[in-house]
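Subject: A structure for you to look at

Hello,

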Amino acid sequence: MSELLDLFAEKELVLAQGCTEPGAVAFAVAAAAEHSRGELKKIKIKIDGFVYKNGMSTGLPGINKYYGNKTAAALGYFADKPLARKLTILADLEDKLDQALGIIERVEFEVLEEKMPVYVEAIIEADNQVRSLIKGSHDDLKKITVDGKIVYQNQSEISADQQLKNLNAQLKTMNIYQLIELVEKEFSDRQLQLLEDGLKLNSVIARAGREGVGSEVGVKYRKRTDFNELNEIAAKAADGTGARMAGAASPALASSGSGNQGIFISLVTYHSARHYFNISDKEIFKATMIAHLVGHYAKIYLGRLSALCGLFYAAAPGVLAALLYLAGKEDKIEETINNLISDTSGVYCDGAKGSCALKSLTAAELALRHFDLIMQDLNCHLPSGFINCSLSKTFENLAAISRPSENTVNNTLFKVVEKNACEI
């Protein structure tokens, strides 16, 4: 397991400027645009349905009124230094908006339903034809071709895509105790600094949300007459996701390809740990790394992008694992996450947008509620429905439901439930 945690942090805890899906679209276009010559005729984006869905309605950094994948693609055409900036490519492009709007009708999308995420191919037609391809993860630029000739190819000895597959294969063989052991053995000062900086960045975004950027879900929630300290933690999460979906200009520390999940894990883990325990920041950030790792573990099963909401099925379980670790209740982590999932099964992801703030609020309070319940020795009988005694099996069942093999979700659901009951 040597250096596995370093690889995880390098690949999955990265900065993102705005939502990662339109960021990937803009990055692909910008990478191709550097090699485009002559007058622009058309920008065509071939894209998987998950990236397309998530980027349809989300705001863009510093851009008012205009939003989503199409605007991101047009802005990307005028961006500089794409290979250096990657998912921060949309930063500081407000002055390019008028130019982008001037070409936006030349941008078109083709959704490739058979492609799994992440797949973004940008094709720019001008005096030449330039293609760029992002595949595997949001910032993994595979190649650029000009008139069919390769002018850029990822020269890594092992591609980022393959590194991610190797990482996931190793993590998937591990149980909760082994994931915790990995963090305890390999957590370093460099990772501590990364998470400290990430909390600061994500707190800046949350502050913007509290000051009126976005849907103001957290602001309005604070007006409840019975508002309390735990509600405040959830409101901070809503502040952050709401502001980010509205196009807050600050970068976020993303987690496993999601800025919203990175914001959620940073803020909810830190402030709930401060609420429940009298411990050092270093201990909290070590637990935060566990939260990120458990959240990623869930997404290995469910998919990097999914039909299910990652706040409920990855980020909230991660926070629960972190709190139970700090409470010395590692033996309760699988049971409690199973309880959480049974409490909220069926929350779909219908794209990144302002209402993610509402989901963030609910997911945070749900995680904290289940922490309080398990500390009071809640005992729910398992298996129940598609919830298994094994957390990895529960995630397998969730994955099966999110990718129906039958002609209806219900037909898949009852077969998963029937099989789950028979296996015990």
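Predicted model: local features only at pLDDT ≥ 70, side-chain atom pairs only at ≥ 80, totals over all residues.

**Where α12 meets α14**

The axes of α12 and α14 come within 10 Å and cross at roughly 30°. The two helices are therefore roughly parallel to each other, since angles under 35 degrees count as such. The crossing in which α12 passes α14 is right-handed.

In general, an α-helix has 3.6 residues a turn, so residues three or four places apart point the same way.

**A closer look at α12**

Helix α12 runs over residues 259-276, which makes 18 residues. From the first C-alpha to the last, α12 reaches 25 Å, close to the 26 Å expected at 1.5 Å a residue. Most of α12 is covered, with 14 of its 18 residues buried.

What caps the N-terminal end of α12? That is S258, which has a side-chain oxygen 3.5 Å from the backbone nitrogen of N260. Setting aside neighbours within four places in sequence, T241 is in contact with N260, I263, C356, A357 and S360. Is T241 buried or exposed? Its relative accessible area is 0%, so T241 is buried.

Helix α14 covers residues 310-326 and holds A321. A321 counts as buried because its relative accessibility is 1%, and the cut-off for buried is under 20%. Beyond its neighbours within four places in sequence, A321 is in contact with I290, V294, I333 and I337. A321 and I205 are 116 residues apart along the chain, and their C-alpha atoms are separated by 25 Å.

α14 also packs with α16, at an angle of about 35° and with the axes 9 Å apart. Here too the crossing is right-handed, with α14 passing α16. On the α14 side, the residues involved are L311, F312, A316, V319, L320, L323 and L324. They meet a set of α16 residues that includes C356, S360, A363, L366, A367, H370 and F371. C356 and S360 are also in contact with T241.

**Another helix pair, α1 and α9**

Helix α1 (residues 4-12) packs with helix α9 (residues 189-210) at an angle of about 25°, and their axes are 11 Å apart. α1 and α9 are therefore roughly parallel to each other. In this pair the crossing is left-handed. The residues that meet are L5, D6 and A9 in α1 and R190, Q191 and L194 in α9.

**Some loops worth a visit**

As background, most residues other than glycine have a negative phi, and most peptide bonds are trans.

- **P117 and V118:** a cis peptide bond joins these two, with omega about 0°. V118 lies in the loop between β5 and β6.
- **E113:** this residue sits in the loop between β5 (107-112) and β6 (119-125). E113 counts as exposed because its relative accessibility is 74%. Its C-alpha atom is separated by 8.8 Å from that of F50, 63 residues apart along the chain.
- **L382 and P383:** the peptide bond from L382 to P383 is cis, with omega near 5°. You can find P383 in the loop between α16 (356-375) and α17 (391-402).
- **D92:** its phi is positive, near 60°, although D92 is a residue other than glycine. D92 is in the loop between α5 (82-85) and α6 (97-103), and it counts as exposed at 62% relative accessibility.
- **D147:** phi is positive here as well, at about 50°, and D147 is not a glycine. D147 lies in the loop between β8 (141-146) and β9 (149-153), and with a relative accessible area of 54% it is exposed.

Terms used
Residues numbered from 1 in each chain as written. Heavy atoms only, no water. Helix = DSSP H or I, 4+ residues; strand = E, 2+ residues; numbered from the N terminus. Expected span 1.5 Å × (residues − 1). Buried < 20%, exposed > 50% of the residue type's maximum accessible area, 1.4 Å probe, protein only. Polar contact = N/O pair within 3.5 Å; in protein donor to acceptor, adjacent residues only side chain to side chain. Contact = heavy atoms within 4.5 Å. Axes fitted to C-alpha atoms, helices over the stretch in contact; angles between N-to-C directions. Parallel < 35°, antiparallel > 145°, perpendicular 65-115°, else oblique. Left-handed = near helix turned anticlockwise from the far one by under 90°.
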